[in-house]
Amino acid sequence: MPCPICDDTGWKPVEIDGVSRVTRCDCWRARASDAQLGAARIPRRYQHCDLDTFVTYPNERLQNAVRRARRFADEFPVVEKGLFFVGPPGIGKTHLAVAVLRQVIRTRGARGLFYDTRDLLKVIRSTYDPVVKTTELQVLEPVMRADLLVLDDLGAEKPSEWVGETLNLIVNTRYNEKRATIFTTNYEEKEDTTEPDSLLARVGFRMHSRLYEMCDFLEFEGADFRHAPPNSGPEELLALWKTLKRPGKLPTRSGGPVRAEAREPRGRADLRWSGGKAGS
Ligand SMILES: Nc1ncnc2c1ncn2[C@@H]1O[C@H](COP(=O)(O)OP(=O)(O)OP(=O)(O)O)[C@@H](O)[C@H]1O
Ligand SMILES: [Mg+2]
Ligand SMILES: [Zn+2]
């Protein structure tokens, strides 16, 4: 059935200051935002994610993270900083990131893009042609230019110099252009910054310092939703969180002793992916 307002032309008449004009019809806007949503690369598992369906329970830092996510989505594109969700698996970091992304695409018509960090690096690497170096840019450009980018699971990639440079290029470009980015990670800050599982060791000094400038850090923990009974509500999640609550929950990916190279001076580490040596 054609649109009753515009007969599928995509334009509808409006009167502004007594002058007849045309403007985009609501049906056109809806189609445009559907197309934007489709182009955002949101994985199927997360395509239903909304802020309204996110279950909260008495967990102050989780509630704060949700509040900040909501505020960011409501105020976008007038936002100073992006968001950085830090915490253990299954607590809803990716859910929140996608919920914000979907909301700003739908309500603001933003060009939004989701990438798992490892997938992004894989795509860039697979299209990298050392001779012409053109396809690489085709992948990188939308990543750098998206109004809102979600980079999921930062730090999970195997660190190397190339990885460090590539991610720094993306993050720096977005930072310079004042484009907002939402990150998620399992790697929290550690007092001992030479600890291979610390966020700093995983992402390197340069990226680490940029991240703080670019984002509000929202570190939280909670019930692992993947271990919760189906259709869990606040009571179930609170009970599960309490039973699972114990110190040192974050995953340990390389438990070995910290090597001397990980403690190299700041200046040199700036040029490198410091976590690479600790992890390899
Ligand atoms: N509070 C919540 N309310 C509703 N659904 C939730 C909640 N927390 C998590 N989920 C759901 O549980 C699943 C796992 O959550 P999600 O993938 O966001 O976790 P994560 O913190 O990103 O974990 P990881 O660190 O392993 O990536 C998703 O399907 C998500 O929609
Ligand atoms: Mg996740
Ligand atoms: Zn219409």
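1. Along the chain, the donors of the zinc ion (ligand 3) are spaced as C-x2-C-x18-C-x1-C, where a donor is an N, O or S atom within 2.8 Å of the metal (3.2 Å for Na, K and Ca), and sites may look incomplete because water is not among the atoms. This is a predicted model, in which local features need pLDDT of at least 70 and side-chain atom pairs count only at pLDDT 80 or more, while totals for chains, interfaces and linings use all residues. Residues are numbered from 1 along each chain as its sequence is written, chains are lettered from A and ligands numbered from 1 in the order in which they are written, and side-chain values use heavy atoms, with hydrogens and water left out.

2. The protein donors of this zinc ion are C3 (SG), C6 (SG), C25 (SG) and C27 (SG), at 2.2 to 2.3 Å from the metal. The site is tetrahedral, with angles of 103 to 115 degrees among its four donor atoms; for four donors, that word requires all angles to lie between 85 and 135 degrees. The ideal angle for four tetrahedral donors is 109.5 degrees.

3. Turning to ligand 1, 17 residues surround it, and the closest are Y46, K93, T94, H95 and N186, where a residue counts if one of its heavy atoms lies within 4 Å. By class, this shell has eight nonpolar, seven polar and two charged residues; Ala, Val, Leu, Ile, Met, Phe, Trp, Tyr, Cys and Pro count as nonpolar, Asp, Glu, Lys and Arg as charged, and the others, Gly among them, as polar.

4. Oxygen atoms of ligand 1 lie 2.6 Å from a polar side-chain atom of H95 and 2.8 Å from an N or O atom in the side chain of N186.

Note on methods. Polar contact = N/O pair within 3.5 Å; in protein donor to acceptor, adjacent residues only side chain to side chain. Tetrahedral: all angles 85-135°; square planar, octahedral: opposite > 155°, others 65-115°.
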